[in-house]
Amino acid sequence: MSTIPALAYNDAEKGTLDLHSPQLANLAKDEKKAADIEVFAVQSLKKDAPVTPSNVAKPPPAPAKPAKHKTPLWVLWIIWYNSYRRFFTVVFTVNFIGLGFAIAGKWPYAAKYPGALVVGNLNVSVLVRNEIFGRCLYLFVNTLFAKWTPLYFRLGCTSTLQHLGGIHSGCAISGVAWIVLMVVHQFKQKYLFNDSILAFGIITTIVLFITICAGLPWVRNTHHKSVFFSVIHHSVFTSPSSVFERNHRFFGWTSLCMTWIYTIVTNAYDTADGKFDHIGRYVVQQQAFWYTIGMSTFIVLPWICTRHAKVDIELPSPKVAVLRFERGMQQGLLARISRSAVKEYHAFGIISEGTHAKYHYLICGVQGDFTKSLVNDPPRRIWTRELKVAGVSNTSRLYKRGIRICTGTGLGAALSTCIQSPYWYLIWIGSDQEKTFGPTISGLIHRHVGQERLLLWDSKLRGGRPPTMKILKEVYEYWQAEVVFITSNYVGNFEIQHGCKEAGIPCFGTLWDF
């Protein structure tokens with residue numbers, strides 16, 4: 001049972017790995033550096049708005065290292081206490097108020113149906129992480145609220161969809177709290193219950209607790225360097241096994257099985273005569289039974305979409321693998337791929353020209369065992385889920401105009417939005433991008449993203465990192481954007497997101513598994 005907070009991605013899978021091409025090693029030291037970046041005029045949404053400002057995005061060729069800026073406390077608080085934590089707070093508070101009433105004996109329902117509260121919470125936890133449910137939510141919001149609703153409402157929709165993990169985490173932890181209370185009450189009256197019920201209660205509680213602990217951010221961040229990978233919103237590491245992926249998968253499915261056993265034996269047992277004679281119809285009539293049915297369905301459904309798909313792999317440089325699959329895709333989706341049908345799935349942003357296209361592509365930064373295997377032993381077929389995961393970029397349809405800023409392989413999560421909509425501006429910061437990422441990706445950019453809405457920064461050629469916030473602020477005003485989507489590494493995401501918040505620019509950054 002998937003009852004843990006949103007799973008972690010590593011830099012390569014998130015599309016936040018900054019790559020440095022080996023082709024740059026032999027560049028002549030006296031090679032001429034570009035003097036500026038040109039941003040061309042675009043048709044404004046407002047008739048009286050200026051078309052071409054005099055100083056849009058023209059940073060110096062070798063920007064000096066800026067003085068360290070101290071982020072105001074109110075900005076730090078707004079970003080830290082985001083929708084994820086607000087959702088978690090509400091769910092956690094409501095459940096623990098209920099626990100308080102149950103412990104005090106003031107809530108008869110909790111005393112009569114404790115199993116329903118356990119499995120009900122776990123049911124919701126799994127539901128909000130279900131790919132089908134997620135795609136339906138994104139479709140509903142994008143269809144009904146695109147462009148015409150107030151900006152604050154659309155920003156709220158994006159924030160809600162991006163941070164559903166707060167509900168996921170809150171319900172999962174609350175479900176464990178309810179089962180602990182249920183087992184404690186059973187042990188207080190253990191003379192009424194069969195020993196097998198008590199044993200299964202303890203086992204189920206322990207397995208659920210381990211599953212949740214494996215998903216805690218500090219556990220993932222502590223162990224992922226020495227282990228392996230995990231998927232969702234999931235990640236690749238350097239050694240042959242992953243504490244998070246394998247524990248999550250193993251204990252998750254074990255939790256589901258134990259929940260089924262515990263639900264059936266608890267409801268089948270008649271405390272009046274000490275026999276398991278409440279079977280069949282009586283068990284089926286219980287709320288916990290149907291909650292468990294729902295949870296099992298939500299867990300199994302995405303797996304029926306798994307296919308062994310044909311893949312072509314292009315290796316433009318030793319640091320990048322470009323995977324090509326048949327079939328076009330809408331923008332803002334993630335693909336999960338694996339060499340195995342049932343384990344070690346890795347998520348990457350999808351690049352596609354649209355649903356009419358013949359192919360879609362994934363950019364895989366070569367960092368861990370899985371992505372290295374794509375280079376050393378390229379497969380002809382690979383396991384993938386036909387139903388793709390919707391990411392925050394999928395809500396780009398809500399906005400009239402926007403900016404997509406990314407670094408390195410973050411282009412994989414950003415490019416489709418700019419290809420499929422002429423109202424999105426692409427800022428891509430990298431190192432010798434054309435050689436590193438190859439002709440396929442470069443061709444997609446040159447064919448579909450006009451120079452009037454494209455800014456490429458080559459950090460090697462230009463002598464260092466750009467003055468990112470200066471560029472972003474100028475492009476934001478010039479492009480008359482409503483929102484900025486960020487895909488970068490941890491440091492880049494932190495700086496840009498905090499800078500945008502301080503400047504009053506609506507933005508959404510990469511999630512780092514709170």
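**A loop residue and other local features**

Modeller: Gln367 counts as partly exposed, with a relative accessibility of 30%; buried means under 20% relative accessible area, exposed means over 50%, and partly exposed is in between (1.4 Å probe, protein chains only). The model is predicted, and local features need pLDDT of at least 70, side-chain atom pairs count only at pLDDT 80 or more, while totals for chains, interfaces and linings use all residues. Residues are numbered from 1 along each chain as its sequence is written, and side-chain values use heavy atoms, with hydrogens and water left out.

Gln367 belongs to the loop between strand E6 (359-365) and helix H14 (369-376); helices (H or I, at least four residues) and strands (E, at least two) are DSSP runs, numbered from the N terminus. Its C-alpha atom is separated by 7.8 Å from that of Lys319, although the two residues are 48 residues apart along the chain.

The structure holds 21 aromatic pairs, where rings of Phe, Tyr and Trp (its six-membered ring) pair if their centres lie within 6.5 Å, and planes under 30 degrees apart count as stacked, over 60 as edge-to-face and the rest as tilted. One of these pairs is edge-to-face: Tyr399 and Phe485, at 6.2 Å centre to centre and 85 degrees between the planes. The pair links distant parts of the chain, 86 residues apart, with Tyr399 in the loop between strand E8 (389-390) and strand E9 (402-407) and Phe485 in strand E12 (residues 483-487). Tyr399 is buried at 1% relative accessibility, and Phe485 is buried with a relative accessible area of 1%. Elsewhere, Trp107, Tyr109, Tyr113 and Trp178 form one aromatic cluster.

The helix pairing is described next. The axes of H6 (residues 131-145) and H7 (residues 151-162) come within 11 Å and cross at roughly 175 degrees; axes are lines fitted to C-alpha atoms, for helices over the stretch in contact, and angles run from 0 to 180 degrees between N-to-C directions. H6 and H7 are therefore roughly antiparallel to each other, given that angles under 35 degrees count as roughly parallel, over 145 as roughly antiparallel, 65 to 115 as roughly perpendicular and the rest as oblique. On the H6 side, Leu137, Tyr138, Val141 and Phe145 meet Phe153, Arg154, Cys157, Leu161 and Gln162 of H7, contact meaning heavy atoms within 4.5 Å. Cys157 is buried at 11% relative accessible area.
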